[in-house]
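Here are my notes for you on this one. Have a look at the structure first, then work through the points with it open beside you.

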Amino acid sequence: MMLTPAVWYIAPWITPIPIASLCLLWAFAFMEKYDATQKVTCLISSGIFFGLGLAFWNTLLYLALFLIIVYLYDKRLLHFVGFVLALGIGLLPLLLLDFLLFNFPLYTL
């Protein structure tokens with residue numbers, strides 16, 4: 001079942017949790033890599049994956065807040081701003097869809 005592309009295609013309609021947790025896992029992996037190497041590209045990638053995961057499942061915001069606090073509490077403010085901008089880029093598909101459907105970009109958030 002895990003190797004069937006039909007399940008991957010239908011999974012977000014059944015429940016958004018698998019794809020959101022995959023995005024959270026990738027974001028966590030990039031955040032770990034950022035913590036070890038201090039490369040900003042890893043931080044940007046992590047922010048984009050957090051944003052994409054948040055676009056699929058809004059409850060991911062609560063889980064992401066804990067990881068953001070743990071990894072970014074002692075970092076430079078510029079890195080935090082870059083992370084938030086990358087999170088906004090990852091969240092952009094949801095904001096555009098909400099704007100097209102409801103004429104308000106933050107409707108589902």
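1. Start with what kind of model you have. This is a predicted model, where local features need pLDDT of at least 70 and side-chain atom pairs count only at pLDDT 80 or more, while totals for chains, interfaces and linings use all residues. Residues are numbered from 1 along each chain as its sequence is written, and side-chain values use heavy atoms, with hydrogens and water left out.

2. Next, how confident is the predictor? pLDDT is its confidence in each residue, from 0 to 100. The protein has a mean of 87, and 88% of its residues reach 70 or more. Confidence is lowest in helix 1 (residues 5–14), with a mean of 65, and highest in helix 3, with 94. Helices here are DSSP runs of H or I, at least four residues long, numbered from the N terminus.

3. Now find C23, which sits in helix 2 (residues 17–37). Is C23 buried or exposed? C23 counts as buried because its relative accessible area is 9%, and buried means under 20% (exposed is over 50%, partly exposed in between, using a 1.4 Å probe and protein chains only). Leaving aside residues up to four places away in sequence, C23 touches F49, L52 and G53; a contact means heavy atoms within 4.5 Å. Look at F56 as well: 33 residues separate C23 and F56 along the chain, yet their C-alpha atoms are 9.3 Å apart.

4. Two residues have backbone angles worth a look. Q38, in the loop between helix 2 and helix 3 (40–56), has a positive phi of about 60° although it is not a glycine. Q38 is partly exposed, at 37% relative accessible area. N103 also isn't a glycine, and its phi is positive, near 60°. You'll find N103 in the segment after helix 5 (77–102), and it counts as exposed because its relative accessibility is 63%.

5. Last, the inside. A cavity is a set of points, on a 1 Å grid over the protein atoms alone, where a 1.4 Å probe fits but cannot get out.

6. Which residues line the largest cavity? They are F50, L54, L61, A64 and L87, where lining means having an atom within 4 Å of a point. Helix 3 and helix 4 (60–72) each supply at least two of the lining residues. The lining splits into five nonpolar, no polar and no charged residues; Ala, Val, Leu, Ile, Met, Phe, Trp, Tyr, Cys and Pro count as nonpolar, Asp, Glu, Lys and Arg as charged, and the others, Gly among them, as polar.

Notes. 1 Å grid on protein atoms, 1.4 Å probe; cavity = no way out; pocket = protein on both sides within 12 Å on 5 of 7 lines; lining within 4 Å. pLDDT = per-residue confidence, 0-100.
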